[in-house]
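Student: Could we go through this structure together? I would like to discuss its packing and its aromatic contacts.

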Amino acid sequence: MTTAVTRVARPFVKWVGGKGQLLPQLAQSLPHQLDEVEEFTYVEPFVGGGAMLFFMLQRFPNIKRVVINDINKRLTDAYLVVKERPDELVAQLRKIEKEYKRVTDEAARKQVYLNMRSRFNEEQSDVLTGTVLLFFLNKTCFNGLYRENSRGEFNVPFGRYANPIICNETVIYADSALLNNCDLLITDGDYYKTVDLLDNGTINFVYFDPPYRPLSATSSFNSYVKEQFDDESQRRLSYCCRELHELGNVLWMLSNADCHAANPNDTFFEELYQGFNFKHVMASRSVNANAAKRGKLSELLITNY
């Protein structure tokens with residue numbers, strides 16, 4: 001793989017909770033063992049946009065096996081298409097971008113967007129068509145969000161972008177090259193299934209980036225898909241982490257909201273993960289309609305090493 005390819009590999013879609021701006025801090029907290037072993041397995045049960053995935057694949061050439069999972073099947077289908085059918089994806093995205101940019105009237109563009117959104121929600125598309133629609137909506141919707149209503153329908157409004165890049169073929173081909181450079185397993189649904197997919201013959205490094213626990217009763221950082229990730233879900237995840245720790249060949253890192261920093265009486269995570277290591281990192285939060293609630297906030301990194 002060339003340097004040019006690895007340098008541009010990054011998330012091919014924008015996703016809520018993306019870790020791009022936190023990568024330097026995450027990198028400083030990785031276990032030193034990953035540099036010392038001949039090979040290891042990387043597992044990401046809540047892969048999302050994949051900022052950490054693409055960073056790890058470029059940083060560690062000794063990753064031999066990768067397991068990624070997400071509850072959103074449309075997203076995991078997109079990873080499969082990027083890996084296996086990049087030429088077809090690029091060809092269709094080029095065409096759709098060219099046609100979209102021919103429409104210069106904003107009201108007409110909005111109607112094109114709404115039609116595409118209806119297709120995405122109503123049609124039983126093949127994985128390639130579904131991925132093309134996902135890319136289009138991600139690049140043209142408001143703020144690049146992915147959000148579903150209670151029926152599981154994508155409901156983000158139109159974004160008023162004059163010149164959106166719908167087809168970034170450089171990124172698509174770079175990501176495809178990385179995904180083909182390892183033994184990759186892509187699953188969707190409940191993250192717990194990844195426990196059964198660990199490699200008994202190597203060290204496994206698992207990075208958990210679940211929907212964050214809200215900092216307050218009015219927060220909604222975990223409501224972007226119809227399935228809610230409530231406190232009971234957070235507890236179940238902590239049981240999973242303790243189960244992995246007992247295996248002996250699993251190192252894991254978990255990101256979540258620093259609820260204690262926002263409310264000194266809130267010791268939810270400190271109690272759940274008692275006995276493990278805590279680190280505080282500063283992250284930018286930009287997904288909020290209220291500008292006053294954006295900016296730098298403390299987040300937690302919890303590790304078993």
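Tutor: The discussion below moves from aromatic rings to cores, a helix and strands. This is a predicted model, in which local features need pLDDT of at least 70, side-chain atom pairs count only at pLDDT 80 or more, and totals for chains, interfaces and linings use all residues. Residues are numbered from 1 along each chain as its sequence is written, and side-chain values use heavy atoms, with hydrogens and water left out.

Student: How many aromatic pairs does the structure hold?

Tutor: It holds 20 aromatic pairs. Rings of Phe, Tyr and Trp (its six-membered ring) pair if their centres lie within 6.5 Å; planes under 30 degrees apart count as stacked, over 60 as edge-to-face and the rest as tilted. One of the pairs, Phe-12 with Phe-135, is stacked, at 5.5 Å centre to centre with 10 degrees between the planes.

Student: Which parts does the pair of Phe-12 and Phe-135 tie together?

Tutor: Phe-12 belongs to the loop between α1 (3-8) and α2 (23-28) and Phe-135 to helix α8 (residues 127-140), so the pair links parts that are 123 residues apart in sequence. Helices (H or I, at least four residues) and strands (E, at least two) are DSSP runs, numbered from the N terminus.

Student: Is Phe-12 buried or exposed?

Tutor: Phe-12 is buried, with a relative accessible area of 3%, and Phe-135 is buried at 2%. Buried means under 20% relative accessible area, exposed over 50%, and partly exposed in between (1.4 Å probe, protein chains only).

Student: Why is the pair of Phe-54 and Tyr-79 stacked?

Tutor: The ring centres of Phe-54 and Tyr-79 are 6.4 Å apart and the planes are at 20 degrees, so the pair counts as stacked. Phe-54 lies in helix α4 (residues 51-59) and Tyr-79 in helix α5 (residues 73-84), so this pair joins parts that are 25 residues apart in sequence. Phe-54 and Tyr-79 are both buried.

Student: And charges over rings?

Tutor: The charged end of Arg-59 sits over the ring of Phe-60, 4.3 Å from its centre. Arg-74 lies over the face of Phe-120, at 3.9 Å from the ring centre. The criterion is NZ of Lys or CZ of Arg within 6 Å of the ring centre and within 35 degrees of the ring normal.

Student: Moving on, which residues have the most contacts inside the largest nonpolar core?

Tutor: They are Tyr-42, Leu-53, Met-56 and Phe-205, in a core of 63 residues. The largest share of this core, seven residues, comes from α8. Apart from it lies another core of 27 residues, with Leu-198, Phe-208, Phe-268 and Phe-269 among them. A nonpolar core is a set of buried Ala, Val, Leu, Ile, Met, Phe, Trp, Tyr and Cys residues joined through side-chain atoms within 4.5 Å.

Student: What does Leu-53 touch?

Tutor: Not counting residues up to four places away in sequence, Leu-53 touches Tyr-42, Glu-44, Val-47, Val-66, Ile-68, Tyr-79 and Leu-179; contact means heavy atoms within 4.5 Å. Leu-53 lies in helix α4 and is buried, with a relative accessible area of 0%.

Student: Back to α8: how many of its residues are buried?

Tutor: Of the 14 residues in α8, 12 are buried, and the helix is mostly covered. These buried residues pack against α5, α6 (86-102), α7 (106-122) and α9 (169-179). From its first C-alpha to its last, α8 reaches 20 Å, close to the 20 Å expected at 1.5 Å a residue; the expected span is 1.5 Å times one less than the number of residues.

Student: Now the strands. Which way do the side chains of β1 point?

Tutor: Phe-40, Tyr-42 and Glu-44 point one way from β1, Thr-41 and Val-43 point the other way, and all are buried. In a regular strand the side chains alternate between the two faces of the sheet.

Student: How many bridges join β1 to β2?

Tutor: Five bridges join β1 to strand β2 (residues 63-70), and the two run parallel. Glu-44 stands opposite Ile-68 in β2. Two strands pair if DSSP finds at least two bridges between them.

Student: And what about β5?

Tutor: β4 and β5 also pair in the parallel sense, over five bridges, and Tyr-207 has Met-253 of β5 as its bridge partner. Eight of the eight residues of strand β5 (residues 250-257) are buried, so the strand is largely enclosed by the rest of the structure.
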